[in-house]
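Subject: Handover of a structure, with findings

Dear colleague,

Please find the structure below, followed by an account of what was found in it.

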Amino acid sequence: MTTVTLTAGHWTFAAVVVAIVLAFLFRRGVTILAILGIMAVAAQSSNAGGGLLNHSIFAVQGVFRAMLLAGTELFDVILLIAVMLALLRSLQTQGVNQLMMAPLRATMKGPRSSFLSLAVVTYITSAFFWPSPAIALIGAVLLPAAGRAGLSAISAAVALNLAGHGMALSADPVLQAATRITAGAATEPVQSIFPYTLLFSLIAGGVALGLGAIPVLRGEHAGHAPAESTSSFNGLEAVPDARGRHALLLAILVPAVLFTVTLTLAWRDLADPARAIFGADATAFLGGTGLALLILSCALDDGHHALETVVEHLTTGVAFAVSVFAPVLPIYAFFLLGDTGHALQILGPGTPGYMLDLGSMLGTQMGHGTVPLVAGIVIAGALCGIDGTGFAGLPIVGALSATVAPGAPEHVAVLAAIGQIATIWVGSGTLVPWSSVCVVAGICGVSPEALVRRNLVPVLGGLGAAMVVAILLLNQT
């Protein structure tokens, strides 16, 4: 067995990791900690040269190189989200969202069917457009119908929140932004982690939605109807309803094309694995399709003015995407130092993978029982999500999974996936009142605290079920 020699840089890296986790726990920002951590580690690199001035110069260069590498790793995902949000904005200005959702109103005959309809539509829409913008779209069209069918505001909020910010975002099955971050920190291919994130998200979501629907099944009183939203959501301003000349065509064409892309990805994966489209290739496929649909949508509605409106919608989309990933970038940059391949690109030859070395040392001091491993990763993910920005914790659970997993790559994938599920379910918006819970609560006209209380048992039940499956999978591999 290779002996790992820990240097001052290793202990500095470990101290910064502890500081970041504590800052998450106390709901404080971690951007400065991550940047200072990169500088501190870089200043101790053997490639920094001699003298205080050279070490200082190398430290500030290291920060920029780390941030640049992190941005390079994530830019295609940021661009994809910007394109999809620009497309959504273009469709909203023409009233296409109203036409796409109109047939679903007929399914809302009572509270139970309304709860199910909201959950299914939210999951599908959030997979393509992300939860907050998708829920804003759904809220304006379907919530009034759900209220008239007898569904209470709090139950509507539960359906939207669990299906969108829980089940859909934790797997991110179409955009795959979450899995890209986790896989990068764990130094594993996206395709090795994604099947597990999808499995765990469906298990957690199915159990959580089932438990969340119990009050509806028992015949709760409707209370006040869900409020129709007219405000802004995460930077996307509300768009007044209108009916474009080609709205009906786009209402049919856009969903058909996007589902065709999704089916193509799934078919290639199952029927032709040699030509499966994953990761960056899948991002490029969906992003290019989204751009083509955006240009078509603007051209049909605006004619030659599409030359300007495409830019306006892309500007809105880019602003939203950058606002989501800006807090993640410095943290991701810091944890790239944990992997040898990325650390070499940032700090030069001879640089170790700090997190991997620390994990190897830790692994010799502790057992590898599957129950404590899974529980530890889930707890770490939940703690990192307490600040309400769930994606910021993904580099931590990814890197941690790579360090403590016992041997086989499948173990890393399982632990990283269950850590991703826990981090996003808690931090991106089902159990933290100051997270995206506020978006859903505002749309439905309930308090964030009331929604969290209602979510608590369903979410814990869903995460518990996913943990059991993760433990069984680890025991079999």
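Predicted model: local features only at pLDDT ≥ 70, side-chain atom pairs only at ≥ 80, totals over all residues.

I begin with valine 63, which touches Ile35, Ile38 and Met39 when residues up to four places away in sequence are left out; contact here means heavy atoms within 4.5 Å. Valine 63 is found in helix H3, where helices (H or I, at least four residues) and strands (E, at least two) are DSSP runs numbered from the N terminus. At 12% relative accessibility, valine 63 counts as buried; buried means under 20% relative accessible area, exposed over 50%, and partly exposed in between (1.4 Å probe, protein chains only).

Residues are numbered from 1 along each chain as its sequence is written, and side-chain values use heavy atoms, with hydrogens and water left out.

Overall composition

The chain contains 21 helices and zero strands. Of its 477 residues, 55% count as buried. Among contacts between residues at least 6 apart in sequence, 79% join residues at least 24 apart. The chain exposes about 18,600 Å², of which carbon and sulfur atoms supply 69%; accessible areas come from the Shrake-Rupley method with a 1.4 Å probe, and for residues only the protein chains shown count as cover.

Nonpolar cores

A nonpolar core is a set of buried Ala, Val, Leu, Ile, Met, Phe, Trp, Tyr and Cys residues joined through side-chain atoms within 4.5 Å. The largest one has 77 residues, and those with the most contacts inside it are Phe13, Ile81, Phe325, Phe335 and Phe391. Helix H3 (residues 52–93) provides the largest share of this core, 16 residues. Apart from this core lies another, of 75 residues, among them Phe115, Ala422, Val459 and Leu463. Phenylalanine 325 touches Leu74, Val77, Ile78, Ile81, Trp130, Ala177, Ile181 and Phe391, again not counting residues up to four places away in sequence.

Helix H17

Helix H17 (residues 370–384) has 15 residues and reaches 21 Å from its first C-alpha to its last, close to the expected 21 Å; the expected span of a helix is 1.5 Å times one less than its number of residues. Its buried residues are Thr370, Leu373, Val374, Ile377, Val378, Ala380, Gly381 and Cys384. Seen down the axis of H17, these fall within an arc of 160 degrees, so they line one face of the helix; the arc is that of the directions from the helix axis to the C-beta atoms. The face turned away from the buried side carries the exposed residues Pro372 and Ile379. The partners against which the buried residues of H17 pack are helices H1 (8–25), H18 (394–404), H19 (409–430) and H21 (448–476).

The 19 residues of helix H5 (residues 111–129) should span 27 Å at 1.5 Å a residue, and its end C-alpha atoms are 26 Å apart, which agrees. Just after H5, tryptophan 130 takes a positive phi of about 75 degrees. Alanine 136 is found in helix H6 (residues 131–148) and counts as buried at 13% relative accessibility.

Aspartate 172 lies in the loop between helix H7 (153–171) and helix H8 (177–186). This residue has a positive phi of about 45 degrees although it is not a glycine, and at 1% relative accessibility it counts as buried. Threonine 187, in the loop between H8 and helix H9 (190–212), likewise has a positive phi, of about 50 degrees, without being a glycine. At 35% relative accessibility, threonine 187 counts as partly exposed. H9 itself has 23 residues and reaches 31 Å from its first C-alpha to its last, close to the 33 Å expected.

Cysteines

With a disulfide taken as a pair of cysteine sulfur atoms within 2.5 Å, the count comes to zero. Cysteine 298 counts as buried at 1% relative accessibility, and cysteine 444 counts as buried at 0%.

With kind regards
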